[in-house]
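Trainee: Could you take a close look at one part of this model with me, and walk me slowly through what surrounds that part?

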Amino acid sequence: MKGVYLSNLPLSAKVFCSLFLLGIGLGSLAAFTQAATAVGLSYEDVKGSLAPEMPMTHMGHGQMSMEKEIDIGQISNTAKVWIRTPLLIQTSHTHLFGQTLIAGLLGLIFLFSSIKEWKKALILALPFIGTILDIGGMWLTRFVWQPFAVLVLMGGSIFALGYVMIAVISLYELWLKKGASV
Amino acid sequence: MKKYKQFMLLTGFMLCFSFTVQTGITLAHITPPVVLISDRDAVLSMTQGAKKFFVREVRLKPEEREALRKELGWQADEEFYRFYLGRDDQGKIVAAVAFMTEFTIHGPVRVAVGLGPDGKVKGAKVVELTEETYPWLKPLLDQDFTQNYIGLDSHGNFTVVGAGQAGGQENMTLFYGQIVANLIQRAAALFDIAVLKRGDI
């Protein structure tokens with residue numbers, strides 16, 4: 001970046017970048033706790049929350065009503081959160097804006113890293129790709145094929161991988177890299 | 001010094017790895033919901049005396065959808081609706097339970113409604129809302145306000161009273177209380193139109 005690198009930023013910029021990275025990390029931990037308590041953390045949990053509601057009675061096309069005896073155990077006894085389409089729309093728009101902004105600000109900091117250009121391009125793309133896979137996976141799970149739930153987990157993991165790489169490399173260059181001026 | 005650096009690098013890597021895995025799963029994030037009771041518990045609590053359980057799924061005819069729209073201003077556009085039926089030893093319906101949801105700007109509000117074979121409300125429980133709507137509705141939930149609608153059929157008076165202890169948030173309390181009341185009324189109307197009037201009980 002034309003001679004401007006994280007390692008030679010002024011102190012105020014270093015503090016700003018470091019606290020921003022810290023804040024995003026803490027936000028991720030809070031999100032982890034929320035996801036663990038609200039939905040669950042396994043592939044099955046995510047699939048169960050996003051998959052569309054299917055008839056229990058195998059009601060045929062054109063049939064107006066059907067009844068079937070069930071065991072009471074077939075009704076869920078866990079307080080499951082089921083994400084229906086309106087909630088998916090709401091979640092998508094807030095998280096697409098939010099995560100893209102976070103990815104953008106992370107990328108903005110990382111532009112001033114001194115690593116090779118192709119590595120920089122690859123790493124700063126990760127949070128954007130993760131976001132698209134994450135939210136896209138939710139829609140695909142709901143409307144195309146339930147096993148696409150794995151994309152939600154992959155997307156989240158790629159976003160997180162990108163964040164961690166950006167944070168670690170940036171903090172190293174900000175404070176530890178030889179030639180870093182404070 | 002070299003060993004110290006290697007130790008720090010290894011420790012850093014392990015911390016980052018575990019953080020990545022945890023955060024990755026985390027980012028399957030969802031708007032915070034509040035689930036007050038499981039579906040099974042809601043069904044069991046409103047079908048006391050039932051010996052057998054059935055699930056009845058119904059599709060609405062165009063004229064039935066139109067009747068609901070005219071009667072309640074409700075656009076019933078789900079592909080199908082589900083009732084859980086509790087029956088006694090003779091096969092007679094003890095109660096039917098429907099789960100009704102309204103998607104508000106603050107997230108979903110979901111209610112379980114128990115209905116008798118005569119179409120009258122036997123009980124109702126708020127099953128799910130959100131972290132934002134829960135404090136607004138709590139004053140009414142503490143008063144067990146859904147009990148006010150027991151014995152009403154779909155033509156009854158489903159208005160909310162008693163939000164006076166909402167501590168300055170009466171408007172939101174009343175607003176969400178009315179949403180719950182409307183859901184109870186919708187369940188009663190749905191059961192009336194899609195089950196009782198079809199003579200399919």
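Mentor: In chain B, strand β5 (residues 107-115) and strand β6 (residues 121-130) pair in the antiparallel sense over six bridges, where a strand is a DSSP run of E of at least two residues, a helix is a run of H or I of at least four, both numbered from the N terminus, and two strands pair if DSSP finds at least two bridges between them. This is a predicted model, in which local features need pLDDT of at least 70 and side-chain atom pairs count only at pLDDT 80 or more, while totals for chains, interfaces and linings use all residues. Residues are numbered from 1 along each chain as its sequence is written, and chains are lettered from A and ligands numbered from 1 in the order in which they are written.

Within this pairing, B:Gly114 has B:Gly123 of β6(B) as its bridge partner. Helix α5 of chain B packs on the sheet, touching β2 (52-58), β3 (81-87), β4 (93-104), β5 and β6 of chain B, and its direction makes about 50° with that of β5(B); such angles run from 0 to 180 degrees between N-to-C directions, with axes fitted to C-alpha atoms, for helices over the stretch in contact.

On helix α5 (residues 170-196) of chain B sits B:Asp192, which counts as buried because 21 other C-beta atoms lie within 10 Å, the cut-offs being 20 or more for buried, 12 or fewer for exposed and partly exposed in between, with C-beta atoms placed from the backbone. Beyond its neighbours within four places in sequence, B:Asp192 is in contact with B:Gly119, B:Ser154 and B:Lys197, contact meaning that such C-beta atoms lie within 7 Å.

Methods
Two residues are in contact if their C-beta atoms, placed from the backbone, lie within 7 Å.
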